[in-house]
Amino acid sequence: MAEIDELKNFICRKFSENVGLEPEELFGRDLSLAEVITRSERLKNSVDLMEVFAKCSNTLRKQYGIRVRLPALSLDTPISRVVELFVQECQHGRAA
């Protein structure tokens, strides 16, 4: 299994790419999910955000063979908590 820091960096990079925001804006300010939707020109609503989570999960499966499933999250959840949940799921090592 990949190192935790490598996974965290991969998740952050893929999430930034998919929402179209710079990592510094997303993670430096620790935006809430509602703020991510508001600031991203690619996202219109929470369904779009869920699609971004699915894309990130799919890339983790393809790149590392890890299957990730996130719990339901409220829109006031900070992005750092989302990344933390992704990493926790990766640590469970749910191989595809």
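Three salt bridges (a side-chain nitrogen of Lys or Arg within 4 Å of a carboxyl oxygen of Asp or Glu) were found in a search of the whole structure. The structure is a predicted model, in which local features need pLDDT of at least 70 and side-chain atom pairs count only at pLDDT 80 or more, while totals for chains, interfaces and linings use all residues. Residues are numbered from 1 along each chain as its sequence is written, and side-chain values use heavy atoms, with hydrogens and water left out.

Glu 17 is partly exposed, because its relative accessibility is 40%, where buried means under 20% relative accessible area, exposed over 50% and partly exposed in between (1.4 Å probe, protein chains only). Lys 14 is among the buried residues of α1.

Arg 39 and Glu 25 form another salt bridge, also given as 3.3 Å from N to O. Arg 39 belongs to helix α3 and Glu 25 to helix α2, so this pair ties together parts that are 14 residues apart in sequence. The relative accessible area is 34% for Arg 39, which is partly exposed, and 26% for Glu 25, which is partly exposed as well.

In helix α5, Arg 81 and Glu 84 lie three residues apart, about one turn of the helix. The closest N and O atoms of this salt bridge are 2.4 Å apart. Arg 81 counts as partly exposed at 32% relative accessibility, as does Glu 84 at 39%.

Conventions:
Helix = DSSP H or I, 4+ residues; strand = E, 2+ residues; numbered from the N terminus.
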